[in-house]
Amino acid sequence: MSLQQLKRRFTRYNKKREDWALVRKAYQFALKAHEGQKRVSGDSFITHPLGVASILAELELDLVTIMTGLLHDVLEDTPVTYEELDDEFGEEVAALVDGVTKLSRMEFRSKEEHQAETWRKMFVAMARDIRVILVKLADRTHNMRTLRYLNNSKQKEIARETLEIYAPLAHRLGIYKIKWELEDLAFRYLNADDYYYLVDKLAKKRKEREEFINQVIEILRKKLDEAGLKADISGRPKHIYSIYHKMKEQGKDFSEIYDLTAVRIIVETIRDCYASLGVVHTLWRPIPGQFNDYIAMPKPNMYQSLHTTVVCAENELLEVQIRTKEMHRTAEYGIAAHWKYKEKVKDDKEFEEKLSWLRQLLEWQQDLKDAHEFMEHLKIDLFSDEVFVFTPRGDVIDLPKGSVPLDFAYRIHTDIGNHCVGAKVNGRIVPLDYQLKTGDILEIITSKQGTPSRDWLKIVKSSQAKSKIRGWFKRERREENISKGKEILERDIRKLQLEPHLLLKDQLLEDVGRKYNLLSADDVYAAVGYGGVSSKQLITKLRDEYKKKFGEEKNLPPVEIKPWKEASRPLRGVRIQGIDNLLVRFSKCCNPLPGDEITGFVTRGRGVSIHRIDCPNVALLKSLKERFLDVRWEATDDLSFPVEIEIIAMERPGFLAEVMYAVSESKINITAVNGRTTRDKMVVVNLTFVVKNLEQLEHIMNKVRRLKDVYSVRRRSGSSSAVRKK
């Protein structure tokens with residue numbers, strides 16, 4: 001790419017001489033700043049900024065963005081300062097260049113932490129000005145085009161990051177032209193064998209495929225002319241990575257993939273789009289379930305088109321896309337095609353709505369302090385496939401694939417999520433872990449008494465919902481979180497055969513906590529308790545801090561672990577480490593079942609009390625750690641355990657009888673039942689029965705959840721000790 005080639009591209013859509021003079025000035029500045037620098041290929045470094053600016057000019061972006069493309073590396077790779085850029089080109093250009101610049105001058109503990117912080121900074125900059133990420137995408141595209149000059153391991157590392165983050169981000173912004181190129185280039189370096197296998201197969205079939213497409217286009221053109229429809233028709237070969245992805249997803253061989261080419265019909269108006277669809281479906285039989293109307297229901301990235309797959313002659317599958325010229329431009333260039341700065345629109349509400357996902361991202365990312373967790377959530381929440389569901393009023397809400405009603409509830413409003421007790425999908429009550437499908441109409445049922453459950457963190461898909469649930473626990477249950485956090489840290493430290501009292505010093509916790517913006521030891525415990533900070537990551541940092549202050553880790557004495565001595569016989573369903581013939585009872589406060597994680601506590605005069613690990617009383621007694629024993633469940637068929645569940649449902653005649661039948665049908669002995677009706681026409685049923693293990697309890701609870709009008713079923717504490725069969 002030369003300066004003359006860039007000029008041809010830029011002046012094709014911007015004829016102002018003074019604008020080109022500024023682009024030339026930015027080029028001369030970058031040329032001088034990078035003087036003497038070479039790329040790995042041996043080329044002068046300026047070829048890279050020129051290539052980036054050229055890609056941005058192809059997207060027809062504004063003057064400031066083109067200048068940023070030329071200057072995007074000067075802050076990172078040269079002595080040029082932000083102030084110099086500001087003086088020379090103005091605050092707008094300087095801020096954009098700074099937003100693109102990596103955090104290469106800061107110190108990080110790991111590569112992952114470096115990557116996470118770079119992305120955090122870029123997303124904050126994106127929220128202020130989306131052009132930051134457009135420059136970054138152009139930068140990555142040019143780097144991928146010249147990746148062949150790097151060593152193999154570096155090629156794979158960059159290609160993997162491109163496939164996991166940059167290509168999906170281009171998809172989010174609707175810039176398919178860049179997305180497809182990035183996917184194919186990354187695929188080539190990550191899986192060269194499969195890439196070249198497909199290239200070879202496609203080359204062999206090219207002539208045959210071109211003949212087929214030419215015939216289809218001829219038939220279509222004739223029929224559209226007869227219908228009085230003016231249309232541009234072209235064949236579009238499928239991209240290599242999309243073919244590979246389809247083969248893997250469907251478990252098919254290349255010979256079994258028939259729709260290798262799509263036909264695109266570009267017409268004048270939306271009305272012509274639907275008329276053309278009628279012509280296509282008259283000519284060939286459409287495949288059920290393979291029609292998508294993205295005109296009536298556009299994707300969040302503004303993509304609009306009609307998609308249909310039809311069966312042509314000799315059972316050949318053909319994908320047809322129909323759109324207007326404006327829609328086609330948006331499909332190719334996405335957010336860049338609706339550039340508000342180019343059109344001097346300062347308050348474009350529609351444009352801001354299209355970028356609402358950025359606001360959501362900034363909301364939840366503030367709570368994710370852990371680098372690994374941030375990168376995982378970034379990949380899942382932003383770049384997973386989407387489902388489109390409707391509110392009762394007909395508004396479209398997009399959510400990550402695999403989302404449940406709780407994700408929808410929290411997307412609508414935090415209070416609706418916090419007070420959610422049930423959901424209706426298409427008029428029918430569904431469990432809260434029901435996976436949403438595109439087209440579902442959702443209605444959330446709330447109750448003033450409803451509050452979040454920690455189990456929700458395991459079923460919600462979106463990071464936005466997880467962040468809001470954690471936020472509730474963080475605010476509402478600080479004391480409980482502190483207690484739970486201490487318990488988790490002590491347990492995980494003991495697993496490493498270390499002494500908790502040495503690592504959990506207040507000073508150590510405060511020093512490490514500052515890295516997570518936590519000011520006190522209690523803040524650290526609370527963050528672990530509500531799930532805001534990973535216990536394992538924190539312990540690693542505590543160990544590092546301990547070694548800095550007190551020397552080598554050998555100064556940390558291991559916990560004394562006695563060898564496991566099998567008891568001669570099981571003690572009422574459990575075995576106790578190294579002890580036989582003890583009185584054992586199952587605590588009434590938490591009712592442990594086989595399958596639960598358990599611990600034993602030596603009581604005064606009443607033998608060993610067996611508790612669930614997560615029992616609140618265990619947390620209260622943890623200062624008496626010398627009285628806790630390791631215990632294990634012992635397989636036995638002659639014990640049953642009492643358990644109590646709470647069922648919340650809509651009040652209606654015969655509901656209690658249905659519950660009793662559902663439980664007794666499984667030959668389960670019911671020992672107690674208690675029911676009441678609340679003011680908001682809800683019924684609360686507390687049911688006590690005996691089961692053999694956790695698996696059997698889950699089976700019963702799932703049966704009850706499937707009953708009509710049931711909102712929630714949860715396990716409660718209470719009841720008496722184990723019952724031995726006669």
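**View 1. Lys325 and Glu268 form a salt bridge, with 3.4 Å between the closest N and O atoms.** The term covers a side-chain nitrogen of Lys or Arg within 4 Å of a carboxyl oxygen of Asp or Glu. Lys325 belongs to helix H15 (residues 325-333), whereas Glu268 is in the loop between strand E2 (261-267) and helix H14 (270-283), so the bridge ties together parts 57 residues apart in sequence. Helices (H or I, at least four residues) and strands (E, at least two) are DSSP runs, numbered from the N terminus. Glu268 has a relative accessible area of 41% and is partly exposed (buried is under 20%, exposed over 50%, partly exposed in between; 1.4 Å probe, protein chains only). Elsewhere, salt bridges with shared partners join Arg9, Glu58 and Lys177 into one network.

The model is predicted: local features need pLDDT of at least 70, side-chain atom pairs count only at pLDDT 80 or more, and totals for chains, interfaces and linings use all residues. Residues are numbered from 1 along each chain as its sequence is written, and side-chain values use heavy atoms, with hydrogens and water left out.

**View 2. Arg131 and Glu92 meet through their side chains in a salt bridge, at 2.6 Å from N to O.** Arg131 is in helix H9 (residues 131-145) and Glu92 in helix H7 (residues 91-100), so the contact ties together parts that are 39 residues apart in sequence. Arg131, at 1% relative accessibility, counts as buried.

**View 3. Lys25 forms a salt bridge with Glu88, the closest N and O atoms lying 3.6 Å apart.** This pair links distant parts of the chain, 63 residues apart: Lys25 is in helix H2 (residues 17-33) and Glu88 in helix H6 (residues 82-89). Both ends are partly exposed, Lys25 at 33% relative accessibility and Glu88 at 37%. The charged end of Lys25 also sits over the ring of Phe89, 5.3 Å from the ring centre (criterion: NZ of Lys or CZ of Arg within 6 Å of the centre and within 35 degrees of the ring normal).

**View 4. Tyr303 pairs with Tyr176 and with Tyr294.** The whole structure holds twelve aromatic pairs. Ring centres of Tyr176 and Tyr303 are 5.4 Å apart and the planes lie at 70°, so this pair is edge-to-face (rings of Phe, Tyr and Trp, the last by its six-membered ring, pair with centres within 6.5 Å; planes under 30 degrees apart are stacked, over 60 edge-to-face, the rest tilted). Tyr176 lies in helix H11 (residues 176-190) and Tyr303 in the loop between strand E4 (292-293) and strand E5 (306-311), so the pair ties together parts 127 residues apart in sequence. Tyr176 and Tyr303 are both buried. Tyr294 and Tyr303 are likewise edge-to-face, 5.9 Å centre to centre with 70° between the planes, and Tyr294 is also buried.

**View 5. One aromatic cluster is made up of Phe187, Tyr195, Tyr196, Tyr241 and Tyr244.**

**View 6. Helix H1 (residues 3-13) and H2 cross at roughly 150°, their axes coming within 11 Å.** Axes are lines fitted to C-alpha atoms, for helices over the stretch in contact, with angles from 0 to 180 degrees between N-to-C directions. H1 and H2 are therefore roughly antiparallel (over 145 degrees; under 35 is roughly parallel, 65 to 115 roughly perpendicular, the rest oblique).
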